[in-house]
Amino acid sequence: PIAIVPGKSSAFLIHLTDLSDGAPVEKADVTLTVQPSGGSGGTPTKAKIGRVTGIYVADVTVPAPGTYTVEFRVVTRAFDERMVLDDFKAE
């Protein structure tokens with residue numbers, strides 16, 4: 001598990017690659033939603049395009065210690081995908 005510090009901004013670096021040809025994913029709309037595990041809600045955070053093609057950066061802050069779920073949503077002209085990761089610890 002990855003540790004997140006409550007009350008402090010944590011940077012997520014997201015590297016997106018098109019597995020069909022190995023090319024970096026350009027011009028994607030990337031959003032992260034962090035919420036307490038087993039809970040609902042969460043505020044979406046839009047990632048910024050990084051300096052390197054295929055890299056996106058999102059700064060998120062969780063309010064309190066606990067376990068969180070992070071949902072990544074990636075939208076391009078070619079696809080609209082979601083990926084959910086559990087067990088992010090805020091200690």
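## Thr69 and its strand

Thr69 lies in strand S9, which spans residues 66-75; strands (E, at least two residues) are DSSP runs numbered from the N terminus. The model is predicted, so local features need pLDDT of at least 70 and side-chain atom pairs count only at pLDDT 80 or more, while totals for chains, interfaces and linings use all residues. Residues are numbered from 1 along each chain as its sequence is written, and side-chain values use heavy atoms, with hydrogens and water left out.

Thr69 counts as buried because its relative accessibility is 11%; buried means under 20% relative accessible area, with a 1.4 Å probe and protein chains only.

## Contacts of Thr69

The side chain of Thr69 makes a polar contact of 2.9 Å with the side chain of Asp86 and another of 3.3 Å with that of Ser37. A polar contact is a pair of N or O atoms within 3.5 Å; within protein, one must be able to donate a hydrogen and the other to accept it, and residues adjacent in sequence count only if both atoms are side-chain atoms.

Residues up to four places away in sequence not counted, Thr69 touches Thr33, Val34, Gln35, Pro36, Ser37, Val84, Leu85 and Asp86. Contact here means heavy atoms within 4.5 Å.

## Pairing of S9 and S10

S9 and S10 run antiparallel and are joined by nine bridges; two strands pair if DSSP finds at least two bridges between them. A hairpin of four residues links S9 to S10. Within this pair, Glu71 stands opposite Val84 of S10.

## The largest nonpolar core

The largest nonpolar core has 20 residues, of which Phe12, Ile14, Leu16, Val30 and Leu32 touch the most other members. Such a core is a set of buried Ala, Val, Leu, Ile, Met, Phe, Trp, Tyr and Cys residues joined through side-chain atoms within 4.5 Å. Two or more residues come from each of strands S2 (10-15), S5 (29-36), S8 (55-60), S9 and S10 (80-90). S9 gives the most, with four residues.

Beyond its neighbours within four places in sequence, Phe12 is in contact with Ile4, Leu32, Tyr56, Val57, Ala58, Val60, Val70, Phe72 and Phe88.

## The largest pocket

The largest pocket has a volume of about 190 Å³. Its lining consists of Ile14, Leu16, Thr17, Val25, Phe72, Val74, Phe79, Glu81, Arg82 and Met83. On a 1 Å grid over the protein atoms alone, a pocket is an open set of points where a 1.4 Å probe fits, with protein on both sides within 12 Å along at least five of seven lines, and lining residues have an atom within 4 Å of a point. S9 and S10 each supply at least two lining residues, and S10 gives the most, with three.

Definitions and conventions: Buried < 20%, exposed > 50% of the residue type's maximum accessible area, 1.4 Å probe, protein only. Points joined across faces, edges and corners; volume = space filled by probe spheres on them.
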